[in-house]
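The sequence and the structure are shown below.

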Amino acid sequence: MYEMCAGVEKPGDALVWHVMAKNTATTLCGQRLGQRVDGASAQRAGHCSTCMAQFGKLMTASPAVGSPAATDR
Ligand SMILES: [Zn+2]
């Protein structure tokens, strides 16, 4: 299960939407989003290209959706 989280890609950078797995504290691109961003300012934000790439990879690489046992840790 994944959700979108608005945040900055780098400190001082433009706001973007990251993808975050439900059971992790970091986004797919490895960010730890400190603060919640309000929806109004997030509406015009773009998407984090790294997260999008990772997300696309996950979607194609894991046909068995919902099996966390497949992750390696
Ligand atoms: Zn990201």
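Leu 28 is placed in the loop between β2 and α1. The model under discussion is a predicted one. Although it belongs to a loop, Leu 28 counts as buried because it has 20 C-beta neighbours inside 10 Å, and the threshold for burial is 20 or more. Beyond its neighbours within four places in sequence, Leu 28 is in contact with His 18, Val 19, Met 20, Cys 51, Gln 54 and Phe 55.

**The nonpolar core**

Leu 28 is one of seven residues in the largest nonpolar core, together with Val 16, Val 19, Met 20, Cys 48, Cys 51 and Phe 55. Two elements, β2 (15–21) and α2 (49–61), each supply at least two residues of this core. The largest share, three residues, comes from β2. As a general background, nonpolar side chains tend to be buried together in soluble globular proteins.

Val 16 is another member of this core. With neighbours within four places in sequence left aside, the contacts of Val 16 are Glu 9, Ala 45, Gly 46, His 47 and Cys 48.

**The sheet**

Three strands form an open sheet in the order β1-β2-β3, and the pairing is mixed. The edge strands are β1 (2–8) and β3 (46–47), each of which pairs on one side only. In general, strands of a sheet pair through backbone hydrogen bonds, either parallel or antiparallel.

The pairing of β1 with β2 is antiparallel and extends over seven bridges. Within this pairing, Gly 7 has Val 16 of β2 as its bridge partner, while Cys 5 has His 18 of β2. The two strands form a hairpin with six residues between them. In the turn, Gly 12 has a positive phi of about 85°.

By contrast, β2 and β3 pair in the parallel sense, over two bridges. Here Val 16 stands opposite Gly 46 in β3.

Gly 34 counts as exposed because it has 8 C-beta neighbours inside 10 Å. Asp 38 also counts as exposed, because it has 9 such neighbours. The cut-off for exposure is 12 or fewer.

| Residue pair | Separation in sequence | C-alpha to C-alpha distance |
|---|---|---|
| Leu 28 and Leu 58 | 30 residues | 9.9 Å |
| Gly 34 and Val 8 | 26 residues | 9.7 Å |
| Asp 38 and Gly 7 | 31 residues | 9.8 Å |

**The chain as a whole**

The secondary structure comprises two helices and three strands. Along the sequence, these elements follow the pattern β-β-α-β-α. Of the 73 residues of the protein, 15% count as buried. Among contacts between residues at least 6 apart in sequence, 43% join residues at least 24 apart.

Methods: Residues are numbered from 1 along each chain as its sequence is written. This is a predicted model: local features need pLDDT of at least 70, side-chain atom pairs count only at pLDDT 80 or more; totals for chains, interfaces and linings use all residues. A nonpolar core is a set of buried Ala, Val, Leu, Ile, Met, Phe, Trp, Tyr and Cys residues joined through C-beta atoms within 7 Å. Helices (H or I, at least four residues) and strands (E, at least two) are DSSP runs, numbered from the N terminus. Two residues are in contact if their C-beta atoms, placed from the backbone, lie within 7 Å. Two strands pair if DSSP finds at least two bridges between them.
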